[in-house]
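Please examine the structure shown below.

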Amino acid sequence: MMSEETGPLLVVYDDPSDQQSPSLEETGSTDESHDETRMSLDLSNDATPYIGQRFPTHDSAYEFYSEFAKRCGFSIRRHRTEGKDGIGKGLMRRYFVCHRAGNTPMKTPNENKPQRNRKSSRCGCQAYMRISKTMELGPAEWRVTGFANHHNHELLEPNQVRFLPAYRTISEMDKARIVMYAKSGISVQQMVRLMELEKGLEPGYLPFTEKDVRNLLQSFRKLEHEEESIDLLRMCQNIKEKDPNFIFEFMIDSNNRLENIAWSYASSIQAYEIFGDAVVFDTTHRSTAFDMPLGLWVGINNYGMPCLLSCVLLREENLRSFTWALKAFMGFMNGKAPQTILTDQNLCLKDAIAMELPTTKHALCIWMIVAKFPSWFNAVLGERYNEWKREFYRLYNLESIEDFEIGWRDMVYSFGLHTNSPIANLYSTRFLWALPFLRSHFFAGMETIDQSKTINAFIQRFLSAQTRPRQFIEQVADAVDFKDQQTMQQNLQNISLKTGAPMESHAATILTPFAFSKLQEQLVLAAHYASFQMDDGFLVRHHTKADGGRKVYWVPPEGIISCSCRQFEFSGILCRHALRVLSTVNCFQIPESYLPVRWRRISMPSAKLLQSTRNDHGERTQLLQSMVTTLVTESAKSRERLDFATKQVSVLLSRVREHSTSLPDSRDVSSIHRNL
């Protein structure tokens, strides 16, 4: 029989998942010499466990082994305990094992119970420490009688091991602070950043994560969320009675509890008709008002401003819930699917989109990825973190896939990130977030860094409006109205011409200031490019370049122009290369099809609204608001126009006041098929 000091050590586990491992008892036992044993807590140099090491309690042995594990790059857990034959002997032996010991047993599927589908980290690791109780020297003490430090998996670096659950702790002082922040309505992400600033820590260096904070808050919840959910449904019904254009959908489970609820506003549904080509579905937040995952649908209007399209509260973040959310949204929007949808990295949501929106291009929000960089790379890269981030942005904005692939390999080599898991994950999903892979799809500029920051700031306003459950929906509606006021202010912006080109002055009368400024940038740059006619189109390149360039195809009879850079397909704004060719062929106006309706000054297409079959009072009011917006925009262009408009509106207002003020009957709301 082998000695434990020299022979191979095998571990047995009592739970069903570990039954295939042989027993520790098969390795034999060791009779230690009492003269050679030492109390480990007395000597600071005893950094590694050894056979015969002595501890006053089993807890002190666990703490010692835990500190050793942390230095080595793993964590431990208490495993099995054993007694000894005879009356009054009690606990005589304990096993501490690596956190990756054992293998996860197969679970029997249960249709009535949702499955978490969480991947287990267990891989059958055999590292362990065994201690046995002895009273041979007087007072009871615990001695190490078995130890193995052989792992069948990679050990973590010091800057990674701290993220293991065993080493993530929230102090009582931090808990109190988190509760205080929660009561004030601060989001979890903001809480973490505030505490990093208070402690003078770099992002990602707190001894706990955002997930730990969420779990803590959930354990502290004392509100009756079921009662709040009932109030939410009543609130939606009350709003529906006052505003027939308000729409909501919900799901009740078998216990008559609210499972999911989604809603949208009349102005949001109308905005989607024009600006629903590219949308963000942000599901990374949690409602503090209802303790449920919160999803926000956001688009970009013709003034480059974010617009809220819909909200959804879900009990679970699984395939079933996300499928329901997508179906509810499509129902609100009359079955019209977006061209492009941006989301976070969520496998369940990805699968739901593939099923419910098969023709929609799915991509990942760049700002949701970048928000994770501090926790992923700050500790790993240290002083080079900002340098690496600049290089990442450079690669992200490249046009060529080939240039991206070469640059990514160079970046990984330069920063020593060959074995970094987040880097490997980013590369494996590059076709969902890197612009070189996405430029042939329309994004309305939402994948640019500046625009993504604008959308993120817009979303944060809604998160600050969720501290009072009973007024949550009204608060969100107020935020939507505030957005409309900002758009109104942008309508009055002055436009200054820079090139004097007829194309520029023509576009200035059609496009919004936001869209025109983007086109104007390209017009200014176009003057620095040369164009060369080829057999199948034009070659356009910068006047300082002797080779390379972009291929531009121009079909005069149909007024069709396209460029190999794909900027128009990506943003809806013609590129400098196409504009240079239009100038070369003496085209003095940009073809109508390249001045998209979604970037024009009119907020809503009046003709389309007039032909709509849904001619209720609220919709007509929205139409009038759109007309007034356009009237103010056009009238403000000159003193003559302003004077004329003021006189005509005064006459019109007098005539309007001559008519009755009675409102038509409210529309029947019996379309809600479920009963509370």
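## A cysteine in helix α9

Cys348 is found in helix α9, which covers residues 347-356. In this predicted model, its relative accessibility is 25%, and Cys348 therefore counts as partly exposed. A residue is called buried under 20% and exposed over 50%, with partly exposed in between.

Cys348 also has contacts with residues from another part of the chain. When residues up to four places away in sequence are not counted, Cys348 touches Glu317, Asn318, Leu319 and Phe322. Arg320 is 28 residues from Cys348 along the chain, yet the C-alpha atoms of these two residues are separated by 8.5 Å.

## The seven-stranded sheet

Seven strands form an open sheet with mixed pairing, in the order β6-β7-β10-β9-β8-β11-β12. The edges are held by β6 (247-252) and β12 (361-364); each has a single partner strand, so one side of each is left without a neighbour in the sheet. From one strand to the next, the twist averages 20 degrees.

Within this sheet, strand β9 (residues 292-300) pairs with strand β10 (residues 306-314) in the antiparallel sense, over seven bridges. Opposite Trp297 stands Ser310 in β10. Helix α7 (residues 266-275) packs on the sheet and touches β6, β7 (258-264), β8 (278-287), β9 and β10. The direction of α7 makes about 120 degrees with that of β10.

## Helix α11 and its surroundings

Which residues of helix α11 are buried? In this helix (residues 373-381), they are Phe373, Phe377, Asn378, Ala379 and Leu381. These buried residues pack against four helices: α2 (158-161), α10 (366-370), α12 and α14 (421-428). After α11 comes Gly382, which has a positive phi near 60 degrees.

## A pair of packed helices

Two packed helices are described by the angle between their axes and the distance between the axes. Helix α12 (residues 385-396) and helix α13 (residues 401-414) pack at an angle of about 165 degrees, and their axes lie 10 Å apart. Angles over 145 degrees count as roughly antiparallel, and α12 and α13 are therefore roughly antiparallel to each other.

The crossing of α12 past α13 is left-handed. On the α12 side, the residues that meet the other helix are Trp388, Glu391, Phe392 and Leu395. On the α13 side, they are Phe404, Gly407, Trp408 and Met411.

## The four-stranded sheet

Another open sheet contains four strands in the order β13-β14-β15-β16, with antiparallel pairing. Its edges are β13 (529-534) and β16; each has a single partner strand, so one side of each is left without a neighbour in the sheet. The twist averages 25 degrees from one strand to the next. Strand β13 and strand β14 (residues 537-542) run antiparallel and are joined by six bridges. The bridge partner of Phe532 in β14 is Leu539.

Strand β15 (residues 550-555) pairs with β16 in the antiparallel sense over four bridges, and Val552 stands opposite Cys563 in β16. The hairpin of β15 and β16 has four residues between the strands, and Gly559 takes a positive phi near 65 degrees there. Strand β16 (residues 560-563) has a covered face with Ile561 and Cys563, whereas Ile560 and Ser562 belong to its uncovered face.

## An annotated region

In an unreviewed entry, UniProt lists residues 553-586 as "domain: SWIM-type". In the model, residues 553-586 are 41% helix and 21% strand, and the end C-alpha atoms of this span lie 15 Å apart.

Note on methods
Residues are numbered from 1 along each chain as its sequence is written. This is a predicted model: local features need pLDDT of at least 70, side-chain atom pairs count only at pLDDT 80 or more; totals for chains, interfaces and linings use all residues. Side-chain values use heavy atoms; hydrogens and water are left out. Buried means under 20% relative accessible area, exposed over 50%, partly exposed in between (1.4 Å probe, protein chains only). Helices (H or I, at least four residues) and strands (E, at least two) are DSSP runs, numbered from the N terminus. Two strands pair if DSSP finds at least two bridges between them. UniProt positions are given in the numbering used here, feature names are shortened, and annotations may be inferred rather than shown by experiment. Axes are lines fitted to C-alpha atoms, for helices over the stretch in contact, and angles run from 0 to 180 degrees between N-to-C directions. Angles under 35 degrees count as roughly parallel, over 145 as roughly antiparallel, 65 to 115 as roughly perpendicular and the rest as oblique. A crossing is left-handed if the near helix is turned anticlockwise from the far one by less than a right angle, and right-handed if clockwise. Contact means heavy atoms within 4.5 Å.
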